[in-house]
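Trainee: Could you take me through how to read the surroundings of a ligand?

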Amino acid sequence: MHKWIMSGVFFAACALAIVLMFTLPGKEEVAEEAKPTMPPVTMDAGQAEALVKANCITCHGDQLQGGMGPSLQKIGSQDDVEKIYTTIVKGKSGGMPSFKDKLKDEEIANVAMWLAEKK
Ligand code: HEC
């Protein structure tokens, strides 16, 4: 009888552990942090240009020719849109700031799409 109760408790604990495994933020969230997902947006070149003028040209040059940061004139033939998006969201260790808290996800996605066309 006692044994029966013990295994009941054991199974209840297992069930709880499994439920927690699926409900607690785990590996998935970490993966998202490493590679943020781009929200679906329709490209708006006018908005992208305005955002780039306001946020990027101080380092990347008014023609995106480069300055303190590298040239972005042909960034689209080097990086795909997802990679550009990730760079803008997370920044880069060599002096590229993160824009996660400065721009909306949709704005960053729009800028990334606009830059991805620069080939
Ligand atoms: C404070 C200066 C600064 C600002 C502002 C800045 N960047 Fe950068 N950016 C850099 C530097 C420096 C690098 C190179 C970092 C590295 O390679 O580690 C870089 C790298 C990049 C790269 C990767 C280029 C490559 O060849 O790999 C992209 C894309 C980029 N920036 C886009 C942007 C966009 C878009 C904005 C505006 C939303 C922006 N940057 C604003 C300094 C800046």
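Trainee: How do the residues of the shell around the ligand divide into nonpolar, polar and charged?

Mentor: First, this is a predicted model, in which local features need pLDDT of at least 70, side-chain atom pairs count only at pLDDT 80 or more, and totals for chains, interfaces and linings use all residues. Residues are numbered from 1 along each chain as its sequence is written, and side-chain values use heavy atoms, with hydrogens and water left out. A residue belongs to the shell if one of its heavy atoms lies within 4 Å of the molecule; here 22 residues surround the ligand, and they divide into twelve nonpolar, eight polar and two charged, where Ala, Val, Leu, Ile, Met, Phe, Trp, Tyr, Cys and Pro count as nonpolar, Asp, Glu, Lys and Arg as charged, and the others, Gly among them, as polar.

Trainee: Which protein donors does the iron atom of the ligand have?

Mentor: Donors are N, O and S atoms within 2.8 Å of the metal (3.2 Å for Na, K and Ca), and water is not among the atoms, so sites may look incomplete. The protein donors here are H60 (NE2) and M96 (SD), lying 1.9 to 2.1 Å from the iron atom.

Trainee: Which polar side-chain atom lies 3.1 Å from an oxygen atom of the ligand?

Mentor: A polar contact is a pair of N or O atoms within 3.5 Å; that side-chain atom belongs to K92, while a backbone N or O atom of G94 lies 3.0 Å from an oxygen atom of the ligand.

Technical notes:
A polar contact is a pair of N or O atoms within 3.5 Å; within protein, one must be able to donate a hydrogen and the other to accept it, and residues adjacent in sequence count only if both atoms are side-chain atoms.
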